[in-house]
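Here is a briefing on one structure, grouped by topic. Look over the sequence and the coordinates before reading on.

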Amino acid sequence: MTTRTPLMAGNWKMNLNHLEAIAHVQKLAFALTEKDYEAVEVAVLPPFTDLRSVQTLIDGDKLKIKYGAQDVSSHESGAYTGEISGAMLAKLNCTYVAIGHSERRQYHGEDEPLVNAKVKAAFQHGLTPILCVGEELEVREAGNHVAHTLAQVDGALKDVPQKDVATIVVAYEPVWAIGTGKTCGEEDAQEVCGAIRGRIRELYDEETAEAVRIQYGGSVKAGNVAKIMAQPDIDGALVGGASLDAEEFVKIVRFRDQ
Ligand SMILES: O=C(CO)COP(=O)(O)O
């Protein structure tokens, strides 16, 4: 039996300014109860400009909501205009950082070596990567979705030590299911998430594979989360659009009641 704690993370993407962020986290904090936090880990990934406000609210009121960023630089510091370092995120007490989201791969040319460097940069600063992987529609239609996704996992974890990998979160997000309303069927999602765990077992060992949490992401809503979470290798959801609606996100956290 698995002892992995489910992780429900809201990827806000480029939405909510710092004032809206405060209001949103307050709504979540008001609705979530001790019982929720015992059963599920809840995290938000706001834009960089919101992080200080979110930190002040969460730390100040000792809220049990975790938070993190949507990206991190592969560089330590210096002349990298527009970049945000792992050290800066660690200083704001971030727990998580999303790395290699398909929108970064697609619009910012992030490739495997860069994703790998970002994963290492995150670990160097005690941040837990939420490593995002997943295939485009053409790849799925050609039947290459498992091989494609596993190649992304291999590339991202190259030379990453076992003790670090045991703490990582992998988010399987088929690109064609993101923001489209098309969810991957739960059995199709399980096929890939199971293969990801299998690959970690091959690359490392059983214990590491069992420790890693694997999320599904792509049009997750209160209405479909329970079926997704019933799959043996799915340990949470990375939620985009639906995480911007506090009531809906709380329902997703309470997936067992849906
Ligand atoms: O990309 C996603 C989360 O990182 C998924 O976005 P949606 O939930 O809006 O489909």
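Ser219 is buried, because 21 other C-beta atoms lie within 10 Å of its own and 20 or more are enough to count. The model is a predicted one. Ser219 sits in the loop between β7 and α12 (225-229). Its phi is positive, about 55°, although Ser219 is not a glycine. UniProt, in an unreviewed entry, lists Ser219 among the positions of the feature "binding site".

**Binding-site positions**

- Which positions carry the feature "binding site" in the unreviewed UniProt entry? The record names Asn11, Trp12, Lys13, Gly179, Ser219, Gly240 and Gly241.
- These positions span 231 residues in sequence, yet no two of their C-alpha atoms are more than 13.7 Å apart, so they gather at one spot.
- Asn11 belongs to strand β1 (residues 7-11).
- Asn11 counts as buried because it has 26 C-beta neighbours inside 10 Å.
- Leaving out residues up to four places away in sequence, Asn11 touches Leu45, Gln70, Ala98, Leu238, Val239, Gly240 and Ser243.
- Lys13 is placed in the loop between β1 and α1 (18-31).
- Lys13 has 19 C-beta neighbours inside 10 Å, so it counts as partly exposed.

**Active-site positions**

- UniProt, in an unreviewed entry, puts the feature "active site" at His101 and Glu173.
- The pair spans 73 residues in sequence, yet no two of their C-alpha atoms are more than 8.4 Å apart, so they gather at one spot.
- His101 lies in the loop between β4 (96-99) and α5.
- Is His101 buried or exposed? It counts as buried because it has 28 C-beta neighbours inside 10 Å.
- Residues up to four places away in sequence aside, His101 touches Gln70 and Cys132.
- Glu173 is found in the loop between β6 and α10.
- Glu173 is buried too, with 30 other C-beta atoms within 10 Å.
- Beyond its neighbours within four places in sequence, Glu173 is in contact with Ser102, Cys132, Gly134, Ile178, Gly217, Gly218 and Leu238.

**Helix α8**

- Helix α8 (residues 145-156) has 12 residues.
- From first C-alpha to last, α8 reaches 17 Å, close to the 16 Å expected at 1.5 Å a residue.
- Its buried residues are His145, Thr149, Gln152, Val153 and Ala156.
- Those residues cover an arc of only 100° around the axis, which puts them on the same side of α8.
- An α-helix has 3.6 residues a turn, so residues three or four places apart point the same way.
- What covers the buried residues of α8? The cover includes α6 (112-124), β5 (128-133), α7 (137-141), β6 (169-172) and α10 (186-203).

**Strand β7 and Arg213**

- Arg213 lies in strand β7 (residues 213-217).
- With 22 other C-beta atoms within 10 Å, Arg213 is buried.
- Not counting residues up to four places away in sequence, Arg213 touches Arg4, Leu7, Val169, Asp235 and Gly236.
- Arg213 and Arg197 are 16 residues apart in sequence, and their C-alpha atoms are 8.9 Å apart in space.

**Exposed positions**

- Gln106 is part of helix α5 (residues 102-107).
- Gln106 has 12 C-beta neighbours inside 10 Å, so it counts as exposed.
- The C-alpha atoms of Gln106 and Ala211 are separated by 30 Å, and the two residues are 105 apart along the chain.
- Asp159 sits in the loop between α8 and α9 (162-165).
- Asp159 counts as exposed because it has 7 C-beta neighbours inside 10 Å.

**Positive phi**

- Most residues other than glycine have a negative phi.
- Asp159 has a positive phi of about 60° although it is not a glycine.
- Ser219, as noted, has a positive phi of about 55°.

Note on methods. Residues are numbered from 1 along each chain as its sequence is written. This is a predicted model: local features need pLDDT of at least 70, side-chain atom pairs count only at pLDDT 80 or more; totals for chains, interfaces and linings use all residues. Helices (H or I, at least four residues) and strands (E, at least two) are DSSP runs, numbered from the N terminus. The expected span of a helix is 1.5 Å times one less than its number of residues. The arc is that of the directions from the helix axis to the C-beta atoms. Two residues are in contact if their C-beta atoms, placed from the backbone, lie within 7 Å. UniProt positions are given in the numbering used here, feature names are shortened, and annotations may be inferred rather than shown by experiment.
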